[in-house]
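Let's take a look at the charged pairs in this model. Have the structure open and follow along.

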Amino acid sequence: MSSELNKEEEVQQRPFHLGLTMQLLSYLKPHRSRVILAFATIVLAAVSSQAGPWLTQVAVDEHIINGDWEGLKWMIIAFFLSVAVQYVAQYAQTMVTGMMGQHVMYDMRRDIFAHLQRLPLSYFDRTPLGRIMTRSTNDVDALNEFFSEGVVSVFMDLFTLFAILGFMAYIDLELTLICCSVIPVIAVTTFYLQGLAMKAYRELRVRLARLNSYLQENITGIEVVQLFNRQLRNLRDFDDEHLPYRRAEDREIHFYAIFFPFTEFIGTFGMALVIWYGAGAVIESRVELGVLVAFLQYIRRFFRPIMDISDRYALLQSAMAASERIFELLATPLEPEGGPRRNTTNAARGGTIEFRNVSFKYDETAEDWILKNVSFKLAAGQSLALVGATGSGKTTIVSLICRFYDIQQGEILVDDLNVREWHVEELRRRISIVQQDVFLFSGNIGDNIRLGETAIGKTEVEQAARYVNAAPFVERLPEGYEHAVAEGGSTLSAGQRQLLSFARALAFDPEILVLDEATSSIDTETEQLIQDAIAKLMHDRTSIVIAHRLSTIRSADQILVLHRGEVRERGRHEELLKQGGIYARLHRLNYSGAQS
């Protein structure tokens with residue numbers, strides 16, 4: 001965990017760079033027409049919004065002073081036209097850029113979600129869920145603000161500033177240069193204070209990811225928290241996690257609290273320079289009165305886009321911090337797809353599994369192997385039982401057959417083809433797993449059995465449920481197979497969730513069936529009811545059974561006894577009992593436990 005946090009902090013400290021910005025802007029490419037329209041409306045809005053002071057100067061110097069009321073009337077009409085054009089342009093710009101931002105965010109969220117689904121399980125093993133959620137929510141929201149407001153606003157401010165400078169230079173170049181004399185002071189102050197603020201912001205993002213991880217973990221384990229009365233202890237731990245986050249946020253607020261009043265002060269100082277110099281020039285008749293009136297309007301507008309750009313700089317920096325994390329996620333190598341897809345529609349039903357001297361460990365740098373030189377062969381339609389203490393490698397074998405992980409040594413074959421040469425989707429389509437911890441999605445009963453597979457109709461769903469004796473409890477529910485299921489199936493009992501997982505496995509009609517402690521959550525009476533269904537389910541299928549209740553594996557064609565990742569014994573139930581080894585001891589313990 002600490003190495004991951006250090007890595008995240010290292011990513012957060014990368015400097016702002018153009019390449020990352022271009023990578024973000026690449027999401028605009030599919031929306032070129034909206035981008036062009038947005039730029040056109042931005043330019044039009046910027047120019048029309050700054051025409052007012054220039055029109056005022058013309059009105060004062062050429063019409064009001066000269067008493068030309070007819071000309072003044074047309075200037076007033078021109079002024080209102082500029083306001084109308086500004087309103088229409090800003091409305092169009094807001095609509096276009098807002099829609100563009102939402103389309104970009106949809107593309108990015110879709111890329112992240114699609115990428116997450118294709119990442120190997122090893123990534124989720126080492127990455128806290130809270131941190132993944134931070135990438136997918138908080139960081140995406142930061143980029144949403146960047147696309148919807150940041151980019152558009154920066155260009156709007158830039159074009160507004162250029163329009164102001166253009167009008168000012170056209171009216172009087174000397175006064176324009178005086179106004180620009182304070183820009184270096186604002187620029188130096190901005191980059192210095194924003195740099196300090198960004199250090200605090202980067203720490204803020206790291207602390208937020210850790211805080212989200214802590215919250216997610218405690219909410220997920222709320223039952224344990226309440227059972228062991230850890231509320232006060234967890235609240236103290238929460239304070240320990242939240243305090244550094246709050247301090248970083250306080251530092252960020254502190255720097256912004258300094259920056260904006262200082263910028264306002266510099267702007268007021270610039271206005272004072274214009275009044276001092278311009279008033280003297282008017283008195284000396286070197287500058288017309290209308291010019292000074294126009295500049296007093298422009299000088300108030302001149303510093304607003306500068307301040308806004310400075311503020312957007314912080315927004316852009318926050319987007320950089322978020323984008324670094326998102327692009328790091330998107331750069332994580334995907335799960336290998338394996339070999340090409342094969343046309344297996346009319347292929348004979350298979351299911352042969354073979355391990356050849358397989359050794360495996362989850363962590364490449366670890367010294368201890370989870371599996372050590374494991375070899376066995378299971379013919380199609382036969383059953384294999386895996387027996388051993390917790391941590392002996394039983395579930396790992398199942399994970400390797402599904403190619404959730406790649407082995408370091410040896411070879412795994414399914415239907416005489418190395419699992420690396422199978423396309424991973426075709427390989428897993430042949431396998432159904434009934435696990436000890438059943439996960440149900442929010443939706444209804446029928447959807448959780450078919451899992452969105454359109455080829456599995458209502459008839460197949462109901463037939464599968466009847467086969468495993470799930471139909472009686474489902475049909476007693478108010479809406480039957482349309483009954484709503486809460487997230488994780490929390491409104492159903494453990495036994496009911498397990499029965500639905502049996503129905504799910506049967507509905508997909510796999511060639512290879514895996515029962516991983518599948519009856520551990522079912523009481524003895526219910527287990528007896530489904531034994532016949534399990535026998536039907538295993539018939540004509542290659543089956544792998546992992547169970548602590550040895551009574552469920554008596555009829556297995558082959559039993560492997562695992563100890564510390566090695567196959568210590570193999571054979572049928574009666575053969576292993578005669579050997580008097582590990583299996584026989586487990587059987588005695590199991591039997592005596594059942595009797596007691």
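## Ground rules

This is a predicted model, so to speak with its own cut-offs: local features need pLDDT of at least 70, side-chain atom pairs count only at pLDDT 80 or more, and totals for chains, interfaces and linings use all residues. Residues are numbered from 1 along each chain as its sequence is written, and side-chain values use heavy atoms, leaving out hydrogens and water.

## The count

With a salt bridge taken as a side-chain nitrogen of Lys or Arg within 4 Å of a carboxyl oxygen of Asp or Glu, the tally is 19. Arg230, Arg233 and Asp237 are joined in a network of them.

## Arginine 428 and glutamate 335

Here the closest N and O atoms are 2.2 Å apart. Arginine 428 sits in helix H14 (residues 424-429) and glutamate 335 in the loop between helix H12 (289-330) and strand S1 (353-360), so the bridge ties together parts 93 residues apart in sequence. Helices (H or I, at least four residues) and strands (E, at least two) are DSSP runs, numbered from the N terminus.

Glutamate 335 is buried at 9% relative accessible area, while arginine 428 is partly exposed at 23%. Buried means under 20%, exposed over 50%, and partly exposed in between (1.4 Å probe, protein chains only).

## Glutamate 411 and arginine 356

This salt bridge has its closest N and O atoms 3.4 Å apart. Glutamate 411 is partly exposed at 27%, and arginine 356 is partly exposed at 36%.
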